[in-house]
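Me: I am new to this structure and would be grateful for a close look at one single part of it. Please give the account as one connected answer.

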Amino acid sequence: VVAARGTLAELRRSHPGEQLVDLTASLVLPGFVDTHVHFPQVRMIGALGMPLLDWLERSALPEEARLADVDYARGVARDFLTGLVRAGTTTALVFGAHYPAAVDVLFTEASQRGVRVTAGLVVSDRILRDDLLTTPERAYDEGRELAERWHGSGRLRYAVTPRFSLSCSDVLMDSCGALHKDIDGSWFTSHINENPAEIAAVTELFPDSADYLATYGRHQPVGERSVFAHNLHASAAELATLAQARASVAHCPTSNAALGSGLFPLREHIESGVRVALGSDVGAGTGFSLLKEGLQAYFMQQLLGEAGLPLTSAHLLYLATASGAASLGLAGQVGEFSIGREFDAVWLRPVEGSTLDCGLRNADSADQALAKVFALGTDADVARVWIGGVEVSG
């Protein structure tokens, strides 16, 4: 835990006996917080050239079905946690798998590595391939069993996770609402307003719902422990409801660009009072790096012109750290280096002679240095990572 801040000389005088770790060569940033990332999709990143629904049918869902094999799922979990840590992500809201045994191995691996993970069993009962479907009763029972084993264990928490209302009947959504209510302190996460074809299909399936958000809200309260991914095509009414409920939106810019889903209306969210943080999505995204997501978020706002919200390097850091921590109810624990926060940190040390190394050596200010990190930084520049003061490795 961060006990004090100050110059080296000041802290040496007040803490003469403490071990000194020299991290002067480059930048130390708070650990990154990913608010939307799919665990089963790490091995199929890079399936380009398709819109959302085609991509799901041809690429994502066949891979997710392979996690019925628990040994395969265990290997995917290792690849997934390795990818997160190597990218400097220390906290994540994770979309789990459709199989409870696969979610169990995810929690097991996260527990062993010490990563802060909120995750849960993904449930659907229609539209998807048959081997990914469940029943409302089984979804509740399996989710409850996982939560009893892992929710509140160390840095782990449970998230009730209907895939999206397109693949969930009213009865299944009722089951999700009951589970969320019955697991004290659980989180709720799903997708919303990602793609026009998806939205049209949801509208047809839920003719009595005013909008996409209402397909969730009619089954459980949308609240401050709710995080919805994407929300590219939100209505003013939906934004007002999200703001009033203090729910959060996970912005996944590389995924949105790769699937051609649209440009994220960040200004509308912020001016409506909706909290936004970053998500890597994976595998529709292009990797785990929130530096890359921050840069793509910047590009999207530039492309929107006057409708966009101009972003500085400080904004990008906030979206990748403190805002994500607040979205996950961890603002008092992580996301910044204030006194009393746990020391989740990333040491960025670029390879000597690299373009980023050159840029940092010639930066005129901290803001300029941070901008260069978002413009040029990659996983390869992450030299060391700490979670709760303990160094972890990918």
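Reply: Helices (H or I, at least four residues) and strands (E, at least two) are DSSP runs, numbered from the N terminus. Arg 138 lies in one of these, helix H5. The model is predicted, so local features need pLDDT of at least 70 and side-chain atom pairs pLDDT 80 or more, while totals for chains, interfaces and linings use all residues. Residues are numbered from 1 along each chain as its sequence is written, and side-chain values use heavy atoms, without hydrogens or water.

Helix H5 spans residues 136-150 and packs with helix H4, residues 100-113, at an angle of about 15 degrees, their axes being 10 Å apart (axes are lines fitted to C-alpha atoms over the stretch in contact, with angles from 0 to 180 degrees between N-to-C directions). H4 and H5 are therefore roughly parallel (angles under 35 degrees). From H4, Pro 100, Val 103, Asp 104, Phe 107, Thr 108 and Ser 111 meet Glu 142, Leu 146, Arg 149 and Trp 150 of H5 (heavy atoms within 4.5 Å).

Asp 104 and Arg 149 also belong, with Glu 145, to a network of salt bridges (a side-chain nitrogen of Lys or Arg within 4 Å of a carboxyl oxygen of Asp or Glu).

Arg 138, by contrast, counts as partly exposed because its relative accessibility is 39%. Its C-alpha atom is separated by 9.4 Å from that of Ser 175, 37 residues apart along the chain.

How values were computed:
Angles under 35 degrees count as roughly parallel, over 145 as roughly antiparallel, 65 to 115 as roughly perpendicular and the rest as oblique. Buried means under 20% relative accessible area, exposed over 50%, partly exposed in between (1.4 Å probe, protein chains only).
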